[in-house]
Amino acid sequence: MAARLRASLPSGHLFPSASTDSPSDGPFAGFSGKPLGASNICRSPLKMEGTRNARLRILGSIERKPTFKTEASEEPVGLNRQLTEYEKQRLEGKDCGLDLFEELKFRFRRFKKRNYMENLVHYRNLSQQQTPKFMVIACADSRVCPSDVLGFQPGEAFTVRNVANLVPPFQHGASETSAALEFAVNSLEVPNILVIGHSRCGGIQALMRMKEGSDSRSFIKDWVSIGKNARLSTEAAAGSLSFDMQCRHCEKESINGSLLNLLTYPWIEKRVSEGALSLHGGYYDFVNCTFEKWTLVYREGLEGGSKYDINDRSLWS
Ligand SMILES: [Zn+2]
């Protein structure tokens, strides 16, 4: 079905060439993408007070002064002391020799104190059930965490991450992604599925380097071959461009391929056609820090071509 839909869409219909022309390098082009070392992890990510405060504001209706006690509420005094001592060490520059898991322990306790403890009613409700508004499919790349980039809070997004944020077609059979989709759509009845791609995706680079007919003895190659149609359409539309630009094109084309693959799941197509489920694409460019968002729309009774079109395209910068 996806092949039929794809074939019925005009070339470049889902992916305007203007996006391909965007520069791939910008003010942060020197970003190496290397993992943080022990000292780096101590210095940079913890200065996020503004982000944390913004997150708490997003929670909206959450009651800030709970009138009940839980197990968690019985230890704030000791927790406060531990956090204070650790923060003091950090300010004195003694932190960088600490074990990475000490850092994680600090972060967990900070989350517990400043987020969980201050929003006990919300977290008590979450312990009983989840009603996320989004199913998110994103890449496993450490630089593109949807909760960081889009500020998803606990309970807001049922998320699966895989190499190159690919959705296999229904005929592919069982995978962690199809299992997550089944639960999110049929049990949680999420109203939105958002597939998020990103710049400089190693999985897409692997896909674009694949040679036709090559003998694949790699889990990565086997997996990314799901996006073969995106590679072929990229080569047809942007084959004369540099490898980097082709990858940029394919990063977006594969998102649309995944949106079409979602429609091969009968229970997804049914809910989309009924208007109970919306499918969205997103593209996070971490070089220039922009986010593109678009929506696949169902057009009942559309004469000729695909029943689906792209709408509500916007660029957040
Ligand atoms: Zn990726």
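Let me begin with a term: I will call two residues in contact if their C-beta atoms, placed from the backbone, lie within 7 Å. What we have here is a predicted model, in which local features need pLDDT of at least 70 and side-chain atom pairs count only at pLDDT 80 or more, while totals for chains, interfaces and linings use all residues. Residues are numbered from 1 along each chain as its sequence is written.

The unreviewed UniProt entry carries a "binding site" annotation on Cys139, Asp141, His198 and Cys201, and such annotations, given in the numbering used here with shortened feature names, may be inferred rather than shown by experiment. These residues are spread over 63 residues of sequence, yet they cluster in space, with a largest C-alpha distance of 9.1 Å.

Cys201 sits in the loop between strand S3 (192–198) and helix H10 (202–209), where helices (H or I, at least four residues) and strands (E, at least two) are DSSP runs numbered from the N terminus. Leaving out residues up to four places away in sequence, Cys201 touches Cys139, Asp141, Ala164 and Glu251.

Is Cys201 buried or exposed? Cys201 counts as buried because it has 24 C-beta neighbours inside 10 Å; the cut-offs are 20 or more other C-beta atoms within 10 Å for buried, 12 or fewer for exposed, and partly exposed in between, with C-beta atoms placed from the backbone.

Asp141, in the loop between strand S1 (134–139) and helix H8 (146–150), is also buried, with 20 other C-beta atoms within 10 Å.

Finally, Glu251 lies in helix H13 (residues 243–262) and counts as buried, with 29 such neighbours inside 10 Å.
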